[in-house]
Amino acid sequence: MAEVLTHSLFTDFDIDLFKGGKHYRLYEKLGSHIMELNGVNGVYFAVWAPSAKSISVVGDFNFWNDNEHKLNVRWDSSGIWEGFIPGVAKGALYKYRITSNNNDIITEKADPFARLCEHPPKTASVVWDASYEWKDKKWMESRETKNALDKPYSVYEVHLGSWKRTNDNNFLSYAELAEDLVSYVKEMGFTHVELMPIMEYPYDPSWGYQLTGYFAPTSRFGKPEDFKLLVDKLHRADIGVILDWVPSHFPEDAHGLGFFDGSHLYEHPDRRRGYHPDWKSLIFNYGRNEVRAFLISNAIFWLDQYHVDGLRVDAVASMLYLDYSREDGEWEPNMYGNNENLEAMSFIREMNQEVYASFNGVQTIAEESTAFSGVSKPVHFGGLGFGMKWMMGWMHDTLEYFKKEPIYRKHHQNDLTFSMTYAFTENFMLPFSHDEVVYGKQSLVYRMPGDEWQRFANLRLLFGYMFTHPGTNLIFMGGEFGQTSEWNFQQSLDWHLTEYDFHSGIQNIIKDLNTIYKNYPALHEKQFSPEGFEWIDYGDSENSVLTYLRKGHDAKNDLIIVCNLTPVPREDYGIGVSKEKQLRQIFNSDDSKYGGNGAGIKTVKPTKKAMHGREYSFKITLPPLSVQIFK
């Protein structure tokens, strides 16, 4: 048997933290680490497997022979196996061959802390040191102001494998995306990109939401340092980076975390709490200290090692409720007799506290679809501690409204106005995500009614309404130019559509809305406060017109928004205002550069005629299916 030298990166304090679930930098200790020991180069390996009888490191350096390099178990009941193997170098392939105390079950597992994995469908871990010289110091030092809740936050959601592909339908690399994607996002004016999961995953149709390599950027697009280059280039272009993060479930693939050491190590042992019926996947045991430390260390890892600016946490509702997607008899109440998963809630709070305590200028964002209270309130106020929450109710109601023929919209105006009854109960982000353009739901533009002109006018109206509604914004790739087909993860977006006027018009409107959102404080300074919004008139359902104010810290920056939600132009439409100052139109979705008719006026002077409870009013023409903004 080849020599495995006794060595450890763990101190007694590390072990105490790990056992207590409070070690939030486990990636510095567990996994494979290239190092020199007593003048000999090699790799230190460490893996948590308390139910193991023996563990061998097998790899291309020992011909996958499990008798060559057996790890040593620590004496302190931590369940950690470790050892230094001389001669192993960067790029070596390896797995852990685990013989379990549980009936001598033998499994070969990838390293849960591997920094790089083989390109799927291969499943070995790769010894790697992703050294990189960062050049984003300016961004990192200033991002606390850029990512604050009173600053513009306009997000472009991207699936890296299908945003754009080569002519022969191959992936773009991280390095190629660092040129093409960065320049495009900059041109479009988005403040942030959100990347659908880039952690290693075995199955392409999962879109990355079934993770096996939590600490490894997928090798589909290159090496870890190449992904760092992409983040670096985005930062140097003044663009923040949000990663989708999936602590809610993981797949049962043989090389993954499931039944890791012959026991339910990472997953909850009770199938009612450890198996997800919707996704046919396993659920983490949030009550186990070492599992909590694994997950929180993973959240910290991406913020620390990859300079990421935020984590969008997937499927939070499935974590919060014990009866999520379960029938009676398929779940067990908590100690208080209700359906809340107290261990998951505790984990989420601890994760958010540690993230915000450790990093300035970051945000965590919850994809949470229920009425659970306090998702984006601080933990010390009894909340879950997220910075923002997706406004799923707004998204659903808005798309339901917009798909209706305009002649019927007067009966459904409440679908739009209802959001303002709860808009400030959380820090809401308005999402038109990938989930809205798959599985037969159609693309955004094809969910709009009418002929081609009306479809695109409706889409322009939808985006204008979105950007002027309180909250931050998210648009999935393709929506910003009116992609006509549903999203297909196996091919590129239909970029050729941008050669057509209606589609380039949508691009132009998104560019201008992003510019207005960033440049006009009334749209972001109080985007999460009821002080930042005021109805002028929400009751004109007969004409399907909405008028409202967006307000910042200084009243002179107030904006007036007018939405005409039908294709009927309305002349001499009166709108009440509180001052006699001249108003300047700063945006009109019916402008010809967007594919509209170019109707509307540029300035207007109110007269002393009371309307809508205000002393003055002005009259304008409302173009069909339009949004206008006046300052």
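## Salt bridges and an antiparallel sheet in a predicted model

E534 and K551 join their side chains in a salt bridge, with 2.9 Å from N to O; the term denotes a side-chain nitrogen of Lys or Arg within 4 Å of a carboxyl oxygen of Asp or Glu. This pair connects distant parts of the chain, 17 residues apart: E534 belongs to strand β22 (residues 533-537), and K551 to the loop between β23 (545-550) and β24 (559-564). Helices (H or I, at least four residues) and strands (E, at least two) are DSSP runs, numbered from the N terminus. E534 is partly exposed, at 29% relative accessibility; buried means under 20% relative accessible area, exposed over 50%, and partly exposed in between (1.4 Å probe, protein chains only).

The model is predicted: local features need pLDDT of at least 70 and side-chain atom pairs count only at pLDDT 80 or more, whereas totals for chains, interfaces and linings use all residues. Residues are numbered from 1 along each chain as its sequence is written, and side-chain values use heavy atoms, with hydrogens and water left out.

Across the whole structure, the search finds 37 salt bridges. One of them pairs K22 with E350, whose closest N and O atoms are 3.1 Å apart.

| Residue | Relative accessible area | Class |
|---|---|---|
| K22 | 43% | partly exposed |
| E350 | 10% | buried |
| E354 | 18% | buried |
| R25 | 24% | partly exposed |

Strand β22, which holds E534, also belongs to an open sheet of six strands in the order β22-β23-β24-β29-β26-β27, with antiparallel pairing. Two strands pair if DSSP finds at least two bridges between them. The edge strands, β22 and β27 (603-604), each pair on one side only. Strand β26 (residues 583-588) runs antiparallel to β27 and is joined to it by two bridges; R584 has T603 in β27 as its bridge partner.

Helix α11 (residues 452-468) lies across β23, β24 and β29 (626-630), at about 35° to β29. Contact means heavy atoms within 4.5 Å. Axes are lines fitted to C-alpha atoms, for helices over the stretch in contact, and angles run from 0 to 180 degrees between N-to-C directions.
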